[in-house]
Amino acid sequence: MLYSPVQVVIDPGHGGSDVGAQYNGRYEKDDNLEIALLVCENLRDMGIEACLTRDDDKFVELKDRCALANRRNAELFVSLHRNSAEGANGVEIWVSSDSPEADTALAENILTALDAVGISENRGVKSGYARGEGNYYVNSQTDMPSCLVELGFINSETDNALFDENMQAYAEAIAKAIEETLLICKNVFYNRT
Ligand code: ZN
């Protein structure tokens, strides 16, 4: 079977039996899917070919998420998650530990755009993995520039209120940052026009 190329793969973290982080009956997997669907819709409205690693509440292996993006020769991969930790709030974005230029530009563009909409704290672009050595699987196993967005803490009432109020604005901001990065990648990183 042949697969047509896509420009962007949006990856709503977790799904199905893997609920991700949870707080008072709220599941990370649901927040991730809801905003991912909106980001994808915004990208398509902007004329950018985008697809999702899941478009409903099902479990998808990490390797299958990466394989989809690699097989379809995506130009960018953006994984959407929500964070969880005691007493923390704000948005942070993770790139692979060697901080590739294009990946970092993608993450910085997204974080700047979200910050402009309004977030409780800008925790910065970080490289590597929050819980030790290495990388997030989706950052290390995708062939294209990628990042993993932690859209606030699910155990923070402040972040949840911001997420719920600004979901559409966040989705638009992420889509615009992706569009901007696609242009930069074409013009600078790969010298393609
Ligand atoms: Zn997650």
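Here are some questions and answers about the predicted model above.

Me: What kind of model is this, and which pLDDT do local features need?
Reply: Happy to set the ground rules: residues are numbered from 1 along each chain as its sequence is written, and side-chain values use heavy atoms, with hydrogens and water left out. This is a predicted model in which totals for chains, interfaces and linings use all residues, side-chain atom pairs count only at pLDDT 80 or more, and local features need pLDDT of at least 70.

Me: Which residues coordinate the zinc ion?
Reply: Donors here are N, O and S atoms within 2.8 Å of the metal (3.2 Å for Na, K and Ca), and water is not among the atoms, so sites may look incomplete. In sequence the donor residues follow the spacing H-x13-E-x52-H. At 2.1 to 2.2 Å, the zinc ion is coordinated by His-14 (NE2), Glu-28 (OE) and His-81 (ND1).

Me: How many residues apart in sequence are the parts that His-14 and His-81 tie together?
Reply: Strands are DSSP runs of E with at least two residues, and helices are runs of H or I with at least four, numbered from the N terminus. His-14 sits in the loop between strand 1 (8–12) and strand 2 (22–23), while His-81 belongs to strand 5 (residues 76–83), so the parts that the pair ties together are 67 residues apart in sequence.

Me: Are His-14 and His-81 buried or exposed?
Reply: With a 1.4 Å probe and protein chains only, buried means under 20% relative accessible area, exposed over 50%, and partly exposed in between. By that scale, both His-14 and His-81 are buried.

Me: Which pattern does the protein chain follow along the sequence?
Reply: The secondary structure of the protein chain comes to 5 helices and 8 strands. Read along the sequence, these give the pattern β-β-β-α-β-α-β-β-α-β-α-β-α.

Me: What is the radius of gyration of the protein chain?
Reply: The radius is taken over C-alpha atoms, and the globule rule is 2.2 Å times the number of residues to the power 0.38. For 193 residues the rule gives 16 Å, and the chain comes close to that, so it is as compact as a globular protein of that length, with a radius of gyration of 15 Å.

Me: What percentage of contacts between residues at least 6 apart in sequence join residues at least 24 apart?
Reply: Contact means heavy atoms within 4.5 Å. Among contacts in the protein chain between residues at least 6 apart, the share joining residues at least 24 apart is 79%.

Me: Where is Asn-73, the residue with phi near 55°?
Reply: That phi is a positive value in a residue other than glycine. Asn-73 is exposed, with a relative accessible area of 58%. Its place is in the loop between helix 2 (62–71) and strand 5.

Me: What is the relative accessibility of Ser-99?
Reply: Ser-99 lies in the loop between strand 6 (91–95) and helix 3 (101–117). Its phi is near 40°, a positive value in a residue other than glycine. Ser-99 counts as partly exposed, at a relative accessibility of 36%.

Me: Leaving aside its neighbours within four places in sequence, which residues is Ser-156 in contact with?
Reply: Ser-156 is found in the loop between strand 8 (146–153) and helix 5. At 7% relative accessibility, Ser-156 counts as buried. Leaving aside neighbours within four places in sequence, Ser-156 is in contact with Ala-88 and Asn-89.
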